[in-house]
Each structure stands twice: as structure tokens, then as C-alpha cells.
Amino acid sequence: EDEIAVLEMGISDFGEMTRLAQIARPDTCVITNIGTCHLENLGDRDGVLKAKTEIFQYVKKNIVLNGDDDKLKSYTSRDGRTPVYFGLTSSCPFHVENIERKGLKGTYAEFVTPTSRFHAHISIPGDHMIYNALAGVAVGYALGMNNDEIARGIEKLVPIAGRNNLIEAKHYTIIDDCYNANPASMKSSLDVLAYADTRKVAILGDMGELGADELAMHREVGAYAAFKNTDVLVCIGALSKDMAEAAKETVLATEKNMKVFHFDTKEDFYQNMGQILNENDTILVKASHFME
């Protein structure tokens, strides 16, 4: 068996991906999405696309892309290499059918490749995890793995601290997704929280490096929390005041029942936590790194 090194390449500015790719010289690259992160330096999603795709000139063999992403699906063949696409839509060569969502217990799905089908269980809930699994299927297929090997790999997946890590604590169920945050990942985490069959609480902090539209993006997340029928939204931090305001406005406009709280600091929240949280709540915790 050949050894395979897997590298996660994180960037926040132009030129950084070029330097990383020059060092790594990857055989295969995967881009899962073009989101709204690091916009202070990259400007907009087109800037994110430009920065991430710097890697292409140094990829030796396979380019694997999310075919449902509006920015990535427009990528055309360069240097004779056509990308491999994965997604939830059947137009992607790697996609899923017969999805069974099992709440916080994950997802069962039938994975479709260009030549075969197989079933597997993804232990971490959320459609974003289906996309991640599909990316793994596409890479495994490119490396010559068989369906059984790929399925076993998917089913061995376990969360790590700060990444959709489900903690069954004494009084609460905690969705520990505190590793980092941007608007897209906040929404994905709220989607996961919505699967809970208990009272749903979201404790969300400020998101950083979003550029000129940072307040609008915080408002967007607050409105989305109400849309997803979150029972309690706790917003912590200066920027998250706008998140809370938008959530309150949405509650009034839609007659939702969500309770909304804002605190300047975590310490302020701790002093009031006993009056906000209830026994058996399912609690999402998420913010950008600088919120600690």
C-alpha cells in the first residue's frame, strides 16, 4: 500500500496558496466550497475563488470540486485536466441518493459513482458532512480504492474537539463547533442544531475577518437562527449585537417564539446562564477564534 499524506491548506490572503502549493506539490486537490471567509484581505467570494485556485497550477493529477458551488461549477478544463465534480445534485458524477437523515445521529445515504453504488452511514449530522463524504468518495475513487474500502473509511469518521463534536454532558447535550466561524459555517451549524428533539439553544459569538459587510453578515446569521426555529439565541460580543437585533426583528416579523439575549462578554453570560439554560437543552457553541 502506498502512503498518503493529507494536508489541509488554510489561507487568508492572495499568494499564500501559491507558496503552500509550491511546497506540497499535491497529486490531488479538493476544494469543498467558496465561502465568505477572510474577506478583509480577499474582498469578496470572487477573491476567495482566485486565492484558492492558485493551487491548480501545482496539482499533478486530480482536481476535485464541489459541483453545487456556484463559483466552482464554472471552472473549465485547463492544461488538459478536467475537474471531477461531487454534489447533492444528480448532474455531478459523484452524488448521493436515498438520503435518510437521523437527526443528531447522522445520515445514511446511497453514494453514486460513475461506475457503481454503495451505502454508508455518516456519523456527524448535516448536509455539509454529506459534501465532505462525497469529496472523500471522489478522492478514493481517483486513488483506485474499492467501494468497501471507501465505505469503511466514511463510517470510521469521528468528530474532533471543536468540529461538530457532540458532547453528552450531565445536564445538556453540547454541539461543540467552536473551532472557528464564518456565515456559511454558522448556518450549517444551526442546521445541525435544528435536528435536536429537545429545546434548541445557540450560543454564538463574533465572526472575524469579514470586511466591510461584517455587520450585515452578523445580521444574516441572527435572522437565520430564527428561521431555523431555534428556541434560544445567545449572542456574545460587540459584533454579535447586530446578530441579536436582526434575530429580534425576525421574531417580531414572523411571530417566532425564539428568545434572544445579548452579552458583551462571556463573563456577563456566565452570570446569567442559570436563568437561560434548562435541563436537557441541546446547546450549540460557535464563534471565531479570537473570541476564545
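Contact means that heavy atoms lie within 4.5 Å. This is a predicted model, in which local features need pLDDT of at least 70, side-chain atom pairs count only at pLDDT 80 or more, and totals for chains, interfaces and linings use all residues. Residues are numbered from 1 along each chain as its sequence is written, and side-chain values use heavy atoms, with hydrogens and water left out.

View 1. Helices (H or I, at least four residues) and strands (E, at least two) are DSSP runs, numbered from the N terminus. Helix H7 covers residues 214-227. Its 14 residues should span 20 Å at 1.5 Å a residue, and the end C-alpha atoms are 20 Å apart, which agrees; the expected span is 1.5 Å times one less than the number of residues. Met217, His218, Val221, Gly222, Tyr224, Ala225 and Ala226 of H7 are buried (under 20% relative accessible area; exposed is over 50%, partly exposed in between; 1.4 Å probe, protein chains only). The buried residues of H7 pack against helices H2 (39-42), H6 (183-193) and H8 (240-254), and against strands S9 (200-205) and S10 (232-236). Just after H7, Asn229 has a positive phi of about 60 degrees.

**View 2. The nonpolar cores.** A nonpolar core is a set of buried Ala, Val, Leu, Ile, Met, Phe, Trp, Tyr and Cys residues joined through side-chain atoms within 4.5 Å. The largest one has 46 residues, and Phe56, Leu65, Leu190, Leu204, Leu233 and Met258 have the most contacts inside it. H7 gives the most to this core, with five residues. A second, separate core of 22 residues includes Val64, Phe94, Val96 and Phe111.

**View 3. The ring pair Phe94 and Tyr141.** Rings of Phe, Tyr and Trp (its six-membered ring) pair if their centres lie within 6.5 Å; planes under 30 degrees apart count as stacked, over 60 as edge-to-face and the rest as tilted. The whole structure holds six aromatic pairs. Phe94 and Tyr141 are edge-to-face, at 5.1 Å centre to centre and 75 degrees between the planes. Phe94 lies in the loop between strands S3 (84-86) and S4 (95-101) and Tyr141 in helix H4 (residues 127-142), so the pair ties together parts that are 47 residues apart in sequence. Phe94 counts as buried at 3% relative accessibility, whereas Tyr141, at 31%, is partly exposed.

**View 4. A charge over the ring of Tyr224.** The charged end of Lys187 sits over this ring, 5.6 Å from its centre (NZ of Lys or CZ of Arg within 6 Å of the ring centre and within 35 degrees of the ring normal).
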